[in-house]
Amino acid sequence: MTDVITKNTNDKLTAENFNLDHHLISLLMSNSFFGEISRRIHKIRTDRIPTAGVTWNRELDSICLYYNPNFFIKLTNKQIKNVLIHEFYHLIFGHLTNRRKKP
């Protein structure tokens with residue numbers, strides 16, 4: 001796999017055309033455990049956070065992965081995969097449920 005996933009070799013990767021789904025599919029194909037975790041959470045593109053993060057979204061009544069495409073376009077495929085895994089580990093280790101004791 002190349003260092004950057006784009007539509008074709010002539011396309012320049014920008015925040016506007018960054019597609020997290022390509023990386024999530026790659027993660028699912030290489031590691032079904034993390035792929036299954038990914039399938040169960042919403043992904044929300046935003047520029048309101050500097051990198052990425054997982055949290056509970058009351059409006060959607062679901063766990064969400066928020067990600068900033070401006071951050072992700074600077075990373076290699078391997079780095080993107082590792083950021084996603086890092087965020088999924090927050091869920092696995094209960095950081096959303098064990099750290100905060102009040103709603």
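The paragraphs below walk through a predicted model of a protein, from its overall fold to some of its side-chain pairs. Because the model is predicted, local features are reported only at pLDDT of at least 70 and side-chain atom pairs only at pLDDT 80 or more, while totals for chains, interfaces and linings use all residues. Residues are numbered from 1 along each chain as its sequence is written, and side-chain values use heavy atoms, with hydrogens and water left out.

The protein contains four helices and three strands, where helices (H or I, at least four residues) and strands (E, at least two) are DSSP runs numbered from the N terminus. Read from the N terminus on, these elements follow the order α-α-β-β-β-α-α. Of the contacts in the protein with a separation of 6 or more, 48% are between residues 24 or more positions apart, a contact being heavy atoms within 4.5 Å.

Among the 103 residues, 35% are buried, where buried means under 20% relative accessible area, exposed means over 50%, and partly exposed lies in between (1.4 Å probe, protein chains only).

Side chains of opposite charge can pair when their charged atoms come close. Here the count comes to two salt bridges, each defined as a side-chain nitrogen of Lys or Arg within 4 Å of a carboxyl oxygen of Asp or Glu. In one of them, glutamate 36 meets arginine 39, with the closest N and O atoms 2.9 Å apart; because these two residues lie three residues apart in helix 2 (residues 32-39), about one helical turn separates them. Glutamate 36 also forms a salt bridge with arginine 40, at 2.7 Å from N to O, and the shared partners join Glu36, Arg39 and Arg40 into one network.

Tyrosine 89 is partly exposed at 35% relative accessibility, while phenylalanine 93 is exposed at 52%. Elsewhere, ring pairs link Phe18, Tyr67, Phe71 and Phe72 into a cluster.

How values were computed. Rings of Phe, Tyr and Trp (its six-membered ring) pair if their centres lie within 6.5 Å; planes under 30 degrees apart count as stacked, over 60 as edge-to-face and the rest as tilted.
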